[in-house]
Amino acid sequence: MEKDVIVDLDSVAVRFTAEGKISVIDAIRAVGGSEHPWTVWKNLKTNHPEILDHCEDYSFQKQGSVPVADSEGWDKICAVLFEYLPDFCSP
């Protein structure tokens, strides 16, 4: 059985499933430097519910369920993510 993988990106642990799907919450935290990735995720889901078609819930080693996405799903999320990360949208 393959194991989940954790990659350290700028001191932020980003979890991947054995199949290569990324933890959306971890990725939002890493990409946006957000201290509130669950709030960003909630806003994304509310305003862009179509991204849920590309996500599924996954439990990383008894740590609770989080949304994960494959590379296509993450691309869809990234297309709208920066609207919700004001630090990256500021001049």
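Okay, some ground rules. The model is predicted, so local features need pLDDT of at least 70 and side-chain atom pairs count only at pLDDT 80 or more, while totals for chains, interfaces and linings use all residues. Residues are numbered from 1 along each chain as its sequence is written, and side-chain values use heavy atoms, with hydrogens and water left out.

Let's start with two helices. Helices here are DSSP runs of H or I with at least four residues, strands are runs of E with at least two, and both are numbered from the N terminus. Helix α2 covers residues 37-47 and helix α3 covers residues 71-81. How do they pack? Their angle is about 95 degrees, and their axes are 11 Å apart. An axis is a line fitted to C-alpha atoms, for helices over the stretch in contact, and the angle runs from 0 to 180 degrees between N-to-C directions. So α2 and α3 are roughly perpendicular to each other. On this scale, under 35 degrees is roughly parallel, over 145 roughly antiparallel, 65 to 115 roughly perpendicular, and the rest oblique.

Which residues meet there? From α2 we have V40, W41 and L44, and from α3 we have I77, V80 and L81. Contact, by the way, means heavy atoms within 4.5 Å. Sorted by class, this contact has 6 nonpolar residues, no polar ones and no charged ones. The classes work like this: Ala, Val, Leu, Ile, Met, Phe, Trp, Tyr, Cys and Pro are nonpolar, Asp, Glu, Lys and Arg are charged, and the others, Gly among them, are polar.

Now look at I51, in the loop between α2 and β4. Is I51 buried or exposed? It's buried, with a relative accessible area of 3%. Buried means under 20% relative accessible area, exposed means over 50%, and partly exposed is in between, using a 1.4 Å probe and protein chains only. Leaving out neighbours within four places in sequence, I51 is in contact with W41, L44, K45, K76 and I77. Along the chain, I51 and I77 are 26 residues apart, yet C-alpha to C-alpha they are 6.4 Å apart in space.

Next up, helix α1, residues 24-32, whose buried residues are V24, I25, D26, A27, I28 and G32. V24 has 0% relative accessibility, so it counts as buried. Beyond residues up to four places away in sequence, V24 touches W41, C55, P67, V68, A69, W74 and I77. V24 and D57 are 33 residues apart in sequence, and their C-alpha atoms are 10.0 Å apart. Just after α1 comes G33, with a positive phi of about 65 degrees.

On to the cysteines. A disulfide is a covalent bond between the sulfur atoms of two cysteines. In this search, a disulfide is a pair of cysteine sulfur atoms within 2.5 Å. How many turn up in the whole structure? The search finds 0 disulfides. C55 is in none, and its nearest cysteine sulfur, that of C78, is 11 Å away. C55 is found in strand β4, residues 55-59, and is buried at 18% relative accessible area. C78 is partly exposed, at 23%. Not counting residues up to four places away in sequence, C55 touches V24, W41, V68, A69 and I77.

Last topic: aromatic rings. Rings of Phe, Tyr and Trp (its six-membered ring) pair if their centres lie within 6.5 Å; planes under 30 degrees apart are stacked, over 60 edge-to-face, and the rest tilted. How many aromatic pairs are there in the whole structure? The search finds 1. Y58 and F60 form an edge-to-face pair, 4.8 Å centre to centre with 70 degrees between the planes. Y58 counts as partly exposed at 22% relative accessibility, whereas F60 counts as buried at 3%.

F82 is partly exposed, with a relative accessible area of 35%. The C-alpha atoms of F82 and Y58 are separated by 24 Å, and these residues are 24 apart along the chain.

That's it from me, thanks!
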